[in-house]
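User: I'd like a close look at one part of this model, with the rest kept as background. Here it is.

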Amino acid sequence: MENSEKRIIGSLILLAGITLLSIALYSGQIAEVAEFVRSVFEPAVAGLPAS
């Protein structure tokens, strides 16, 4: 896969994420979205030392 194809796919994924976030903001579901994002990134920071 060439770099231009990767850029297009990345741009489409980013656009889809921004679209879903704006729909969540519009429908008043931002608390659920924030909780989902927190649960997704929780394992990523589990191994970091506490500050």
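User: How many helices and strands does the secondary structure of the protein chain come to? And what goes on at the side chains of Glu 35 and Arg 38 in helix α2?

Analyst: A word on the ground rules. This is a predicted model, so local features need pLDDT of at least 70 and side-chain atom pairs pLDDT 80 or more, while totals for chains, interfaces and linings use all residues. Residues are numbered from 1 along each chain as its sequence is written, and side-chain values use heavy atoms, leaving out hydrogens and water.

The chain comes to two helices and zero strands (DSSP runs, H or I of at least four residues for helices and E of at least two for strands, numbered from the N terminus). Your helix, α2, covers residues 30–45.

Now the pair you asked about. Glu 35 and Arg 38 are three residues apart in α2, about one turn of the helix, and their side chains form a salt bridge at 2.9 Å, N to O (a Lys or Arg side-chain nitrogen within 4 Å of an Asp or Glu carboxyl oxygen). The structure holds one such bridge. Glu 35 counts as partly exposed because its relative accessibility is 45%; buried means under 20%, exposed over 50%, and partly exposed is in between, with a 1.4 Å probe and protein chains only.

Helix α2 also carries Val 40, which is partly exposed at 43%. Together with Phe 36, Val 37 and Phe 41, Val 40 makes a nonpolar surface patch of about 400 Å². Patch members have over 30% relative accessible area and no salt bridge, with nonpolar side chains joined within 5 Å and like charges within 9 Å.

For background, buried residues are 2% of the 51 in the chain.

Conventions
Accessible areas come from the Shrake-Rupley method with a 1.4 Å probe; for residues, only the protein chains shown count as cover.
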